[in-house]
Amino acid sequence: MTTKMRNFEAIKDRKQVKTEGFTVKSTMKNSVVVGPPAAGAFRERPAKPTAFRKFYERGDFPIALEHDTKGNRIAWKVEIEKLDYHHYLPLFFDGLCETVHPYEFFARQGVHDMLEHGGTKILPVIPQLIIPIKNALNTRNRQVICTTLKILQHLVISGDMVGEALVPYYRQILPILNIFKNMNLNSGDGIDYSQQKRENIGDLILETLEVFERYGGEDSFINIKYMVPTYESCMMN
């Protein structure tokens with residue numbers, strides 16, 4: 001038997017040929033190429049222990065849980081306007097990764113309260129908020145993403161120039177939004193209660209991008225478009 005014939009017999013008898021990135025199943029008549037494994041872009045990433053939880057468990061926050069007829073709320077032990085925003089606001093943003101009560105409740109409600117009363121104190125703290133925002137979005141957790149998107153919308157309108165101050169950080173914030181922007185629920189003839197609760201990620205992302213554009217100044221749209229190519233301006237419609 002010649003060398004060429006021996007090589008042919010070896011290839012014919014081989015059931016699978018593995019190559020980098022995919023597998024080829026070889027048969028006598030045809031070959032089937034199996035695609036690469038899923039990249040896992042939507043797979044949840046477990047969050048690391050947050051500094052917010054550590055500070056809360058040590059009792060370092062001037063907050064307590066208060067019950068009233070409308071439900072739970074935060075009882076602040078000091079006036080919110082007198083808080084050191086450079087210290088507390090990044091810590092509360094860090095807690096957006098939390099999904100367990102009471103950490104999740106205190107972090108989310110604490111951020112909303114501080115944004116509501118922060119005024120001019122918020123703008124100087126923006127650079128310290130980017131990493132906590134990015135970490136929260138990178139968890140790929142649907143609940144965390146929805147909470148963070150609502151916080152971002154509140155942040156943009158919380159003070160003058162805040163929307164414009166976020167524009168240089170779009171490259172860190174928007175990639176995850178670009179991944180999830182088409183994730184809308186199709187319930188057919190059923191009722192989509194997530195829309196009533198504002199928990200539909202696709203809709204929330206579109207809302208957030210539109211708020212970014214409206215409050216981000218003249219450079220906001222082109223920077224959004226660079227990171228989210230399918231986004232269409234809400235100002236030109």
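Glu-104 is buried, with a relative accessible area of 15%; buried means under 20% relative accessible area, exposed over 50%, and partly exposed in between, using a 1.4 Å probe and protein chains only. Its partner in a salt bridge is Arg-108, and the closest N and O atoms of the two are 3.0 Å apart. Arg-108 counts as partly exposed, at 25% relative accessibility. Both residues lie in helix α4 (residues 103-118), four residues apart, so about one helical turn separates them. Helices here are DSSP runs of H or I with at least four residues, numbered from the N terminus.

The model is predicted: local features need pLDDT of at least 70, side-chain atom pairs count only at pLDDT 80 or more, and totals for chains, interfaces and linings use all residues. Residues are numbered from 1 along each chain as its sequence is written, and side-chain values use heavy atoms, with hydrogens and water left out.

A salt bridge is a side-chain nitrogen of Lys or Arg within 4 Å of a carboxyl oxygen of Asp or Glu. Side chains of opposite charge can pair when their charged atoms come close. The search of the whole structure finds six salt bridges. The table lists some of them.

| Salt bridge | Closest N to O |
|---|---|
| Arg-58 and Asp-60 | 2.7 Å |
| Arg-108 and Glu-104 | 3.0 Å |

Asp-60, the partner of Arg-58, counts as partly exposed at 31% relative accessibility.

Key:
Helix = DSSP H or I, 4+ residues; strand = E, 2+ residues; numbered from the N terminus.
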